[in-house]
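User: I am new to this structure. Please show me how to read its main features.

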Amino acid sequence: MTDQWRGAWTAALDELELDVVRIETMLADERRHAETPPADLWKPPTELGALPLELKPRADEILTRQLEAAQEIARRLTSNRRQQAITARIETGEAVKRPVYVDRAM
């Protein structure tokens with residue numbers, strides 16, 4: 001039973017780590033996944049029980065990578081919002097849609 005338990009947890013961590021690798025790859029190569037983000041999100045397994053103690057270092061390392069990826073995503077979202085705000089203020093040289101005169105008759 002112990003080998004099955006350890007094997008189930010190892011498989012779960014493998015799947016979770018693959019999810020982190022996909023996100024890290026997407027962050028490293030923005031154009032590759034720009035139009036096709038990963039659709040199959042990792043779901044925690046049920047009925048596995050407690051994590052085997054010898055797998056804790058690996059689980060901790062995966063968690064650290066997840067947190068780093070989440071921070072990078074947040075940083076990039078903030079940067080994109082700033083760029084969008086700056087770009088929105090740039091005049092393009094096209095006809096500006098501003099009133100040409102003020103109608104004071106009203």
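The dialogue below takes the features one at a time.

Analyst: Some ground rules come before the features. This is a predicted model, where local features need pLDDT of at least 70, side-chain atom pairs count only at pLDDT 80 or more, and totals for chains, interfaces and linings use all residues. Residues are numbered from 1 along each chain as its sequence is written, and side-chain values use heavy atoms, with hydrogens and water left out.

User: How many helices and strands does the protein chain have?

Analyst: Helices (H or I, at least four residues) and strands (E, at least two) are DSSP runs, numbered from the N terminus. The protein chain here has two helices and zero strands.

User: What share of the residues is buried?

Analyst: Buried means under 20% relative accessible area, exposed means over 50%, and partly exposed is in between (1.4 Å probe, protein chains only). Of the 106 residues in the protein chain, 14% are buried. The chain exposes about 9200 Å² (Shrake-Rupley method, 1.4 Å probe; for residues, only the protein chains shown count as cover). Carbon and sulfur atoms supply 57% of that area.

User: What share of the contacts joins residues 24 or more positions apart?

Analyst: A contact means heavy atoms within 4.5 Å. Take the contacts in the protein chain with a separation of 6 or more: residues 24 or more positions apart account for 82% of them.

User: Which residues make up the largest nonpolar core?

Analyst: In soluble globular proteins, nonpolar side chains tend to be buried together. A nonpolar core is a set of buried Ala, Val, Leu, Ile, Met, Phe, Trp, Tyr and Cys residues joined through side-chain atoms within 4.5 Å. The largest one here has nine residues: W9, A12, L13, L16, V20, L48, L55, A59 and I62. Helix 1 (2-28) and helix 2 (56-89) each supply at least two residues of this core. Helix 1 gives the largest share, five residues.

User: What does L13 contact, leaving aside neighbours within four places in sequence?

Analyst: L13 is in contact with L51, L55, R58, A59 and I62.

User: How many salt bridges does a search of the whole structure find?

Analyst: A salt bridge is a side-chain nitrogen of Lys or Arg within 4 Å of a carboxyl oxygen of Asp or Glu. The search finds ten. One of them joins the side chains of R58 and E17, at 2.8 Å from N to O. R58 lies in helix 2 and E17 in helix 1, so this pair ties together parts 41 residues apart in sequence. R58 is partly exposed, at 23% relative accessible area.

User: Where do E24 and R65 lie?

Analyst: Their side chains, E24 and R65, meet in a salt bridge of 2.7 Å, N to O. E24 lies in helix 1 and R65 in helix 2, so the pair ties together parts 41 residues apart in sequence. E24 is partly exposed at 29% relative accessibility, whereas R65 is buried at 15%.

User: How far apart are D60 and K56 in helix 2?

Analyst: D60 and K56 are four residues apart in helix 2, so about one helical turn separates them. They form a salt bridge, with the closest N and O atoms 2.8 Å apart. D60 is partly exposed at 34%, and K56 is partly exposed at 39%. Elsewhere, salt bridges that share partners join D14, E17, E24, R58, E61 and R65 into one network.

User: What does E17 touch, not counting residues up to four places away in sequence?

Analyst: E17 touches R58, E61, I62 and R65. E17 and R65 are 48 residues apart in sequence, and their C-alpha atoms are 8.9 Å apart in space.
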